[in-house]
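Open the structure in your viewer and keep the selection tool ready. This tour goes stop by stop.

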Amino acid sequence: MGIRGLMSFVEDHSNEFFTDLKLRDTKIVIDGYALFHRLSFNSNLELRYGGDYDSFADIVQNFFESLFACNICPYVVLDGGCDISDKKLTTLKDRAREKIQMAHSLSVGGSGYVCPLLIREVFIQVLIKLQVCFVQCFSEADRDIMTLANHWNCPVLSSDSDFCIFDLKTGFCPLNSFQWRNINTIKGTQNYIPAKCFSLDAFCHHFSNMNKALLPLFAVLCGNDHINLPIMETFLSKARLPLGATSSKGRRHHRILGLLNWLSHFANPTEALDNVLKYLPKKDRENVKELLCGSMEEYQQSRVKLQDFFQCGTYACPDALNLGLPEWVLVALAKGQLSPFISDALVLRRTILHTQVENMQQPNAHRISQPIRQIIYGLLLNASPHLDKTSRNALPPQPLAFSEMERINKNIKTSIIDAVELAKDHSDLSKLTELSLRRRQMLLLETLKVKQTILEPIPASLKLPVAVSCYWLQHTETKTKLHHLQSLLLAMLMGPLTAIINSPGKEELQEDGAKMLYAEFQRVKVQTRLGTRLDLDTAHIFCQWQSCLQMGMYLNQLLSTPLPEPDLTRLYSGSLVHGLCQQLLASTSVESLLSMCPEAKQLYEHLFNATRSYAPTEIFLPKGKSNSKKKRQKKQNTSCSKNRGRTTAHTKCWYKGNNRFGLLMVENLEEHSEASDLE
């Protein structure tokens, strides 16, 4: 939720509406969605290259360590899926369009704020690592946050202006004045974080001691994420709203000021609402009254008791329970083990595919992962008979149909996608966890079109990313080149390098080599950020890979992780991957990079060998040879066989001359080509 313009309005009156706090020795309820957006956009992170997840993870860790240093106990509450009523659909579409425009701006060197695709998953992984208590609500979290904070008599930390409307006992601390990087000390021993706390009493006092109960009506008249009735313009144009003092922020602040002054003349919401309806045509009054009253309910206490989840591990949401979903699904959603993407698909049969900083002239990057999503939808088809009445209202009467909100050029479109019908033992969601590990792993790998034997030499933490990379390589529309694959695999070494450096049992020589390679990777990252122009085609290719990884992770989670979940915080760094691409295209070779760390070199060989058999042979050919090879493949088989032999010999020499990793691949190029044809 959110009331546009209200946050900047109250901040313009900071001295009147806010009190200074020295925050320490307290619980605090944190709006998780607001926090990870704030940390992503206000920490000088690179947003063009698809996410520097390692840097973001470090910032999140620093944030919570600041809280711990002041004896502040955080409880993070995350939004879940869309509300079952789907009343925010118009707002979601508007925001999706805005995000496309900002992503386009970033892609051509402009400014903008677009969260990297996996930022939420990275955030949750850091919370788990730091043992920070968190919950993922079934739908929007604002009311649950307010109810929990009032139960515990502690403040709320957010940037959502709706918390200026909620009647919070201990107040609301805006994120933009929460100085967590500036810890102060009282008497040299007690740490605190300087913050500001919004005072609802001071706010109402400023407007002639208006009744707090009028504020929800103010919010819906102003227009929030849930309601924005065009007919309310009739009321606003006819009612003579007293402006009071002039505002410097234009029309929106004038409207806020006028509405608050007008409402302050009424004793209660009923009287005020009756006066609003007088300005509307009689035929519209009853319908508008119903809509306004329904939206005002969003500011009342929630029936969900999050304290029960944090104290006993039980999460009971009446809306979720009424849907008759399997118990294991509800538990996994509350623990963040399943994404809101899954609950949207379950409840609404509609999902949102978030735009990345990609090439807007190409089909959106999520197209490549559609077959994975179709398997996910197939697993969710028969979740509960209660859902049929709910979700079919939004879709044509097609039993397998799901809708996807996706980018088409620079706009959004809803596409209808059919789920894949699965075998009977996979079609009952309530019994999905009862399938053996082998069966669940088999379904995952069959979806990704990867053989299990390929993954045997791969460390457990990298099995899923490697499997996803194999899937990605098999799709020719990715237009992947050798240096793209090499850069991606090199970046996957960051986690193992960190483990070597931090392992006390490693020999000094091994540790020094790992430190040198780690330092080189950091240098590449920094160099990339210093004004390097974004290669749009490369960016699009890695956006496709991230989409495959995201959907691969969601399927893996839905199948109760038959493969270990990868540590995203050290798996992909956009600045590093793009920087390595540029270096490999110039003069640097993989072999020379890895020569300083034999352990990393050996692991890279395993990763490369696992992915090579799924890559099209063209990516291993020298420049200019790929097109000629395609032409040769059109000739007769005997001629093709001879040419293939000559190409192999020529390519082997080319790799030696260029000192590139990949020699192992081309030695078996002919054999691989035949195997690929069979597959």
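Predicted model: local features only at pLDDT ≥ 70, side-chain atom pairs only at ≥ 80, totals over all residues.

**Stop 1: helix H3**

Select residues 32–41, which form helix H3. Now pick Ser-40 in this helix. Is Ser-40 buried or exposed? Ser-40 counts as buried, because its relative accessibility is 2%, under the 20% cut-off. Show what surrounds it. Beyond its neighbours within four places in sequence, Ser-40 is in contact with Leu-45, Leu-47, Phe-56, Cys-115, Pro-116 and Ile-119.

**Stop 2: aromatic pairs**

How many aromatic pairs does the structure hold? There are 27. Take Tyr-33 and Phe-36: their ring centres are 5.7 Å apart and their planes stand at 70 degrees, so this pair is edge-to-face. Both residues lie in H3, three residues apart, about one turn of the helix. Tyr-33 is partly exposed, at 38% relative accessibility. Phe-36 is buried, at 3%.

Next, select Trp-545 and Tyr-572. These rings are stacked, with 5.6 Å from centre to centre and 25 degrees between the planes. Trp-545 sits in helix H25 (residues 536–558), while Tyr-572 is in the loop between H25 and helix H26 (574–586), so the pair ties together parts 27 residues apart in sequence. Both Trp-545 and Tyr-572 are buried.

Then highlight Phe-17, Phe-18, Phe-198, Phe-203 and Phe-207. Ring pairs link these residues into a cluster.

**Stop 3: H17 and H18**

Select helix H17 (residues 340–347) and helix H18 (residues 370–380). Their axes come within 10 Å and cross at roughly 55 degrees. That angle makes H17 oblique to H18. The crossing is right-handed. Show side chains next. H17 brings Phe-341, Ile-342, Ala-345 and Leu-346 to the contact, and H18 brings Arg-373, Ile-376, Tyr-377 and Leu-380. By class, this contact has seven nonpolar residues, no polar ones and one charged.

**Stop 4: H21 and H28**

Move on to helix H21 (residues 463–473) and helix H28 (residues 598–612). Here the axes come within 9 Å and cross at roughly 40 degrees. H21 and H28 are therefore oblique to each other. H21 passes H28 in a right-handed crossing. Which residues meet here? Val-466, Ser-469, Cys-470 and Leu-473 of H21 meet Leu-607, Ala-610 and Thr-611 of H28. Colour them by class: five are nonpolar, two are polar and none is charged.

Note on methods
Residues numbered from 1 in each chain as written. Heavy atoms only, no water. Axes fitted to C-alpha atoms, helices over the stretch in contact; angles between N-to-C directions. Helix = DSSP H or I, 4+ residues; strand = E, 2+ residues; numbered from the N terminus. Parallel < 35°, antiparallel > 145°, perpendicular 65-115°, else oblique. Left-handed = near helix turned anticlockwise from the far one by under 90°. Contact = heavy atoms within 4.5 Å. Nonpolar A, V, L, I, M, F, W, Y, C, P; charged D, E, K, R; others polar. Buried < 20%, exposed > 50% of the residue type's maximum accessible area, 1.4 Å probe, protein only. Phe/Tyr/Trp six-rings, centres within 6.5 Å; stacked < 30°, edge-to-face > 60°.
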